Each structure stands twice: as C-alpha cells, then as structure tokens.
Amino acid sequence: MAPIVLFDGYSKFQDGNYYANCSCVLIKGPPNVVIDTMTAWDGERILEALQKHSLTCDDINYVVCTHGHSDHIGCNYLFKKAIHIVGHAVSFRDKYFSDHNFANGEEYIISDNIKVISTPGHTLQDVSVIVQSNMGITAITGDLFEKI
Ligand SMILES: [Zn+2]
C-alpha cells in the first residue's frame, strides 16, 4: 500500500487564460482512498485510471478533498459508497457527522496507516492526508505549491 499519483496537478497561463487542476491520488488499500477528484469534466479519466488499478468507483471507501475548490471536488459524485471528507466536513450521502473536530487539531483516523489532519492552506478548512507505507511517511497536501 502506497500513494499512487493518478494525475499530476498544474496551473498555467496560456493564451491569456488561466488553467488549473489538482493532483489526484489513489491509496490502494483496503481501505481504498481517492484524494482530490479534479473538475466535473474529468470523470471518464478517473474511471479509466482506477480501472488500470483493477478498481471501480464502488471500491472506494473514502474520498478526501483537501479543500473545497471546484478542481478538487468535481467528481465526488462518482463515489457513492464512500465516506466523503471535504475540508473539515465529513459526510455520507446527506448525513453529516458532527462528532469530529478538525479545528481543534483532532485527527480523523481512516486506518492504522492513514489519517486526515487539518493543515494551513488557501482556505480556512484545508486538510492533508498522512500515509504510512513502505515508502515511509507521505503527506498529501493539495495545492502546497503551484506547478507551472
Ligand atoms: Zn484550491
């Protein structure tokens, strides 16, 4: 089990316009976790990438969006069997779990090797995923820096 970057994020100015998308990361478990789901137009790409790892959307147990910007939450709708963690909000369908307090520094434990913590970011409710694997400890931060 180790984080797999399905897509590299980017931000760039081109032809007078600004383009950006997040990195999308898979932790193949169990539990299976997808971190940041890109824009609403990236669903087919995500499905194909998961298929290469012998997974479907229904195999994903958790979706974590490091923050609520549109290029990080666009394909959350694909993962109907997963618990969704978007910034500090934890939900399943229309049920929001109010028993977790990221703002107080409380860690959200997904498994012995995967946890979600509140971290500074460019919104007030950013989170990062900390993964312990055979690669060591990895932090998936979302928009830590802009790749140009
Ligand atoms: Zn952002």
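Strand 11 and strand 12 (residues 127–133) run antiparallel and are joined by 5 bridges. Within this pair, Ser118 has Val127 of strand 12 as its bridge partner. Strands here are DSSP runs of E with at least two residues, numbered from the N terminus, and two strands count as paired if DSSP finds at least two bridges between them. The structure is a predicted model, in which local features need pLDDT of at least 70, side-chain atom pairs count only at pLDDT 80 or more, and totals for chains, interfaces and linings use all residues. Residues are numbered from 1 along each chain as its sequence is written, and side-chain values use heavy atoms, with hydrogens and water left out.

Strand 11 (residues 114–118) is also joined to strand 10, by 3 bridges, and this pair runs antiparallel. Tyr108 lies opposite Val116 of strand 11, and Ile109 lies opposite Lys115 of that strand.

Taken as a whole, the open sheet contains 4 strands in the order 10-11-12-13, with antiparallel pairing. Strand 10 (108–111) and strand 13 (136–140) are at the edges; each has a single partner strand, so one side of each has no neighbour in the sheet. On average, neighbouring strands of this sheet are turned by 20 degrees against each other, direction ignored; axes are lines fitted to C-alpha atoms, and angles run from 0 to 180 degrees between N-to-C directions. In general, strands of a sheet pair through backbone hydrogen bonds.
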